[in-house]
Amino acid sequence: MNAAPQRTLVLWLPDWPVVALAREQGVDAAAPVAVLDKGAVVACSAAARAEGVRRGQRRRDAQARCPQLTIVDADPTRDQRVFAPLVASIEELAPGVQLIRAGLCALRAQGPARYYGGEERTAHVLRDALGDTDARIAVADGAFTAEQAARITHPDAPVRIVPAGESGAFLAPLPVTALDEADVVDLLARLGVHTLGQFAAMPAERVGERLGERGIRLHSFASGSDSRPVQPRIPPPELEREVAFEPPLEIADQVAFAMRVAAEEFIAGLGEHSLVCTELRVQITGDRGENSERVWLHPGAFTAGEVVDRVRWQLGEAGLRSAVTRVRISPETVDAASHHVRSLFGGGPDERVHHALSRVQAMLGHRGVVTPVVGGGRWLAERQVLVPWGDRPVLPRPADRPWPGSLPDPLPSTVFDPPRPVEVVDADGDAVAVADRDELTAPPAVLYESGRRRRIQAWAGPWPVRERGWDAVRARRAHRFQVVDADQAAWLLVCEAGDWTAEGRYD
């Protein structure tokens with residue numbers, strides 16, 4: 001026999017992905033904004049809805065309805081990060097919060113209702129604690145009913161109480177789409193079942209025969225018999241540290257020095273929970289409201305000194321035009337400390353290399369030590385991306401994308417960056433060029449490279465490379481050649497606008 005539904009309070013913040021984006025990146029939430037995941041709209045602003053944008057629409061359909069629509073990719077991490085302080089505010093007044101997803105949480109209503117003097121009074125107390133947010137709160141028998149009640153509230157009446165025992169009557173006129181199960185909704189529609197009341201009137205045995213355990217669970221939701229208990233989350237430990245400067249500091253070394261104690265407390269706090277930080281978020285606020293935020297990576301785990309180095313480097317790269325008033329450090333990703341314990345007989349050459357490069361990087365700066373990574377592109381110099389030591393490679397030109405016109409394997413072993421100027425002449429000493437129809441004006445005979453005369457023994461080409469023909473400023477039209485000189489040295493040459501350069505050499 002199922003347990004009786006418990007009184008549950010649900011707090012819902014409409015369009016939370018858009019609100020989180022506005023709070024963290026300053027996007028105007030009053031403008032038409034849509035958040036997309038896998039090409040479909042998952043949330044949109046009120047202005048976008050007024051233009052006909054709806055959840056589930058494809059990008060093209062949404063933009064057709066609202067041409068001025070701002071498209072933003074979904075970021076669940078950002079949504080959770082911005083929602084976390086609001087959950088903490090709720091827990092200070094009513095502990096035992098279950099985080100359903102970013103922008104939606106639930107808690108048992110009985111205890112807070114006794115403390116604050118009623119369910120409606122509790123709802124208003126919690127809503128006032130969230131400040132200027134458009135929070136909607138509902139109380140009902142079970143989380144499903146309370147969530148549906150919260151979703152049909154409006155700004156003028158943001159609180160709704162469904163009396164005990166009346167959940168079934170409240171849910172009956174709602175559409176079956178409230179179940180948020182596309183395949184089940186489609187099946188019910190084909191059976192002529194369009195409301196939750198009609199679904200609840202179906203025999204539970206027949207529903208179980210057709211839909212199994214999931215169908216029985218959804219049938220209980222539709223009938224108002226949601227017996228799922230609220231499962232309070234365990235509040236995470238306070239691992240971040242924040243330092244405020246009064247008066248504001250203008251010199252980076254002063255800020256870094258003031259962060260030493262906070263960095264040591266930050267690492268020690270992680271250690272108390274047997275954790276280490278592998279990705280660090282640093283937020284810097286300027287006196288004029290400027291903000292610099294970045295996530296720093298580490299090939300191993302951060303130490304206090306390395307945390308201070310990242311703050312200093314970010315100050316150097318951020319380009320803030322005002323003095324610093326606040327620095328906040330928080331762990332973006334943590335790992336068990338047991339995974340980073342040094343072995344009994346040392347960590348081997350990899351660990352020694354890491355410590356050596358980290359020391360050099362601390363002295364020379366963030367970009368003082370870099371590692372090469374192969375990227376994508378049509379030109380050889382573009383394919384080499386230098387990544388600062390410890391950072392995750394973020395390639396401006398991903399190598400896995402198609403690059404028509406790129407050079408096939410085998411590639412030259414020596415790449416000249418920038419390309420080395422050369423001259424190519426024919427047997428009479430006249431400069432060789434490429435005509436309009438990708439034809440040479442004369443066969444190449446001699447290559448002049450670094451003042452040295454090289455007789456061309458064999459050659460192949462031209463292979464045209466055309467880029468960004470739609471952009472008059474950045475458009476490129478060039479031709480590649482492969483030549484072999486009398487010393488059996490192979491060269492990769494490029495002729496662009498009559499000028500010759502050596503892009504690489506096959507050693």
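These notebook entries record what I looked up on side-chain contacts in a predicted model.

**Basis.** I worked with a predicted model, in which local features need pLDDT of at least 70, side-chain atom pairs count only at pLDDT 80 or more, and totals for chains, interfaces and linings use all residues. Residues are numbered from 1 along each chain as its sequence is written, and side-chain values use heavy atoms, with hydrogens and water left out.

**Salt bridges.** I took a salt bridge to be a side-chain nitrogen of Lys or Arg within 4 Å of a carboxyl oxygen of Asp or Glu. By this rule I found 35 salt bridges.

I looked up R214 and D183, whose side chains form a salt bridge with N to O at 2.6 Å. Because R214 belongs to helix α11 (residues 204–222) and D183 to helix α9 (residues 182–190), the pair ties together parts 31 residues apart in sequence. Helices here are DSSP runs of H or I with at least four residues, strands are runs of E with at least two, and both are numbered from the N terminus. For accessibility I used relative accessible area: buried is under 20%, exposed over 50%, and partly exposed in between (1.4 Å probe, protein chains only). R214 is partly exposed at 30%, and D183 is partly exposed at 43%.

I then turned to E242 and R328, which meet in a salt bridge at 3.0 Å, N to O. E242 is in strand β9 (residues 241–249) and R328 in strand β12 (residues 324–336), so this pair links distant parts of the chain, 86 residues apart.

My next entry is R312 with D253, a salt bridge whose closest N and O atoms are 3.6 Å apart. R312 lies in helix α14 (residues 304–318) and D253 in helix α12 (residues 252–258), so parts 59 residues apart in sequence are tied together. R312 is partly exposed at 25%, whereas D253 is exposed at 52%.

I also noted a network of salt bridges that links E24, R81, R281, E293 and E332.

**Aromatic rings.** I counted six aromatic pairs. Rings of Phe, Tyr and Trp (its six-membered ring) pair if their centres lie within 6.5 Å; planes under 30 degrees apart are stacked, over 60 edge-to-face, and the rest tilted.

Y115 and Y116 are edge-to-face, with 4.8 Å centre to centre and 85° between the planes. Y115 is exposed at 67%.

F144 and F221 are stacked, with 5.2 Å centre to centre and 15° between the planes. F144 lies in helix α7 (residues 143–151) and F221 in helix α11, so the pair ties together parts 77 residues apart in sequence. F144 is buried at 6%, and F221 is buried at 6%.
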